[in-house]
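I opened the notebook to record what I looked up in this entry. The sequence and the structure come first.

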Amino acid sequence: MNEIDCVRPVDDGTSMPMTPDDDTVIDLADFFKVFSDSTRLRILWSLRDGEKCVMDISDGLDLSISAVSHQLKTLKDADLVRSRREGKQIHYSLCDEHVEILLSTAFTHIMEDK
């Protein structure tokens with residue numbers, strides 16, 4: 001692939017520096033580490049359909065409630081999911097459309113050559 005094959009995002013008014021500073025690079029690396037776990041990706045992918053409680057995620061992905069809860073804490077700490085309490089249940093959803101865009105873009109990228 002050469003530079004011409006790469007698609008650059010449309011300038012939305014927030015310009016990115018040519019080279020981010022070291023602290024920003026570290027923050028970006030930490031952010032992408034959250035995506036390196038297949039269980040977390042499966043949870044994020046399931047939340048693309050909309051808000052779900054831990055039980056629904058657990059049942060849908062055939063994972064233990066404990067495993068889902070543990071991964072949801074990591075995802076919430078990374079600001080990738082948000083929660084809403086309704087009585088005794090907590091419902092989770094993707095934090096915003098940027099998470100959906102990241103997932104869709106990554107999926108599209110890996111499917112290009114398949």
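My entries follow, by topic.

**Ground rules.** I am working with a predicted model, in which local features need pLDDT of at least 70 and side-chain atom pairs count only at pLDDT 80 or more, while totals for chains, interfaces and linings use all residues. I number residues from 1 along each chain as its sequence is written, and side-chain values use heavy atoms, with hydrogens and water left out.

**Sheet.** I looked up the strand order first. Three strands make an open sheet, ordered β1-β3-β2, with antiparallel pairing. The edge strands, each pairing on one side only, are β1 (52-53) and β2 (81-86). I take helices (H or I, at least four residues) and strands (E, at least two) as DSSP runs, numbered from the N terminus. Two strands count as paired if DSSP finds at least two bridges between them.

**Bridges.** I then went through the pairs. β2 and β3 (residues 89-94) are joined in the antiparallel sense by six bridges. Arg84 has His91 of β3 as its bridge partner, and Glu86 stands opposite Gln89 in β3. Between β1 and β3 I note two bridges, also antiparallel; Lys52 is partnered there with Tyr92 of β3.

**Hairpin.** Which residue takes a positive phi in the hairpin of β2 and β3? I found Gly87, with phi near 65 degrees; the hairpin has two residues between the strands.

**Ser83.** I found Ser83 in strand β2. Ser83 counts as partly exposed because its relative accessibility is 30%; buried means under 20% relative accessible area, exposed over 50%, and partly exposed in between (1.4 Å probe, protein chains only). Between Ser83 and Glu51 there are 8.9 Å in space, C-alpha to C-alpha, and the two are 32 residues apart in sequence.

**Helix α1.** I checked the span of α1 (residues 22-34). Its 13 residues reach 19 Å from first C-alpha to last, close to the 18 Å expected at 1.5 Å a residue; the expected span is 1.5 Å times one less than the number of residues. At the N-terminal end, Asp21 caps α1, with a side-chain oxygen 3.1 Å from the backbone nitrogen of Asp23.

**Nonpolar patch.** Which residues make the nonpolar surface patch? I listed Trp45, Phe107, Ile110 and Met111, covering about 370 Å². Helix α5 (residues 97-111) gives the largest share, three residues, and Ile110 is found in α5. Patch residues have over 30% relative accessible area and no salt bridge; like charges are joined within 9 Å, nonpolar side chains (Val, Leu, Ile, Met, Phe, Trp, Tyr) within 5 Å. A salt bridge is a side-chain nitrogen of Lys or Arg within 4 Å of a carboxyl oxygen of Asp or Glu.

Note on methods. Areas by Shrake-Rupley, 256 points an atom, 1.4 Å probe, with all protein chains shown as cover. Polar contact = N/O pair within 3.5 Å; in protein donor to acceptor, adjacent residues only side chain to side chain.
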